[in-house]
Amino acid sequence: MKHSLSVLALTLGLAVGGTSGSAMAQNKVASAKQDVTPKVVYDINDAETQALAALRNMRNQLDTAPNTQIVAIAHADGIEFLETDYKDAKTVGPLIAGLAARGVHFEVCEITMSRKKQTPDDFVMEAEFVPSGVVRLTELQQQEGYAYIKP
């Protein structure tokens, strides 16, 4: 009888402990999901066909999910929309300024700048500079968990 009671107590202890452990694990997973901030990187390598759409997509994303962290990487022909003398500056300028005020980072590839013989003075004040746009895209996706969007 003592042996039966010990087995019963052990079984009940495992069942109760297993349930509370499982519940605690589920709560941790649910909590982790709630704490995750969405992170998105936009790859812009053609200002003519991608910039305006990308800027509008970023605005829509922040309107719907305001806590999203957004980085726009401009490289190759994509850097033009961030140049101070961009042909459509009157259209994209207010969007860039508004998005930067909401936390969007606009990063320009220095390799492309060098190829085009440009300096940071050739770009809007919201522009930040990275050694390589492609390397930065890779870092954000693989090391920092950013979702990739190609407008």
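Start by selecting helices α2 and α3, which pack at an angle of about 35° with their axes 10 Å apart. Axes here are lines fitted to C-alpha atoms, for helices over the stretch in contact, and angles run from 0 to 180 degrees between N-to-C directions. Helices (H or I, at least four residues) and strands (E, at least two) are DSSP runs, numbered from the N terminus. Keep in mind that this is a predicted model: local features need pLDDT of at least 70, side-chain atom pairs count only at pLDDT 80 or more, and totals for chains, interfaces and linings use all residues. Residues are numbered from 1 along each chain as its sequence is written, and side-chain values use heavy atoms, with hydrogens and water left out.

Which way do α2 and α3 cross? The crossing is left-handed, meaning the near helix is turned anticlockwise from the far one by less than a right angle (clockwise would be right-handed). Now show side chains. On the α2 side, the contact (heavy atoms within 4.5 Å) is made by Leu52, Leu55, Met58, Arg59 and Leu62; α3 brings Thr91, Val92, Leu95, Ile96 and Leu99. Sorted by type, the contact residues come out as eight nonpolar, one polar and one charged. For that sorting, Ala, Val, Leu, Ile, Met, Phe, Trp, Tyr, Cys and Pro count as nonpolar, Asp, Glu, Lys and Arg as charged, and the others, Gly among them, as polar.

Next, colour the strands. You'll find five of them in an open sheet, ordered β4-β3-β2-β1-β5, with parallel pairing; two strands pair if DSSP finds at least two bridges between them. At the edges sit β4 (127–130) and β5 (147–149), each pairing on one side only. From one strand to the next, the twist averages 30°.

Zoom in on β1 (residues 39–46), which pairs with β2 in the parallel sense over seven bridges. Pick isoleucine 44 and look across to β2: alanine 74 stands opposite. Then bring back α2 (residues 47–64), which packs on the sheet, touching β1, β2, β3 and β5. The direction of α2 makes about 165° with that of β1.

How many aromatic pairs does a search of the whole structure find? Two. Rings of Phe, Tyr and Trp (its six-membered ring) pair if their centres lie within 6.5 Å; planes under 30 degrees apart count as stacked, over 60 as edge-to-face and the rest as tilted. Select phenylalanine 81 and phenylalanine 106: this pair is edge-to-face, 6.4 Å centre to centre with 70° between the planes. The two partners are 25 residues apart, with phenylalanine 81 in the loop between β2 (69–77) and α3 (89–101) and phenylalanine 106 in strand β3 (residues 105–109).

Buried means under 20%, exposed over 50%, and partly exposed in between (1.4 Å probe, protein chains only).

Now hop to phenylalanine 123 and phenylalanine 129, whose ring centres are 5.7 Å apart with planes at 75°, so this pair is edge-to-face. Phenylalanine 123 is buried at 5%, while phenylalanine 129 is partly exposed at 26%.

Last stop: arginine 136, in helix α5 (residues 133–143). Its relative accessibility is 18%, so arginine 136 counts as buried. Leaving aside residues up to four places away in sequence, arginine 136 touches Ile73, Glu107, Val130 and Glu144.
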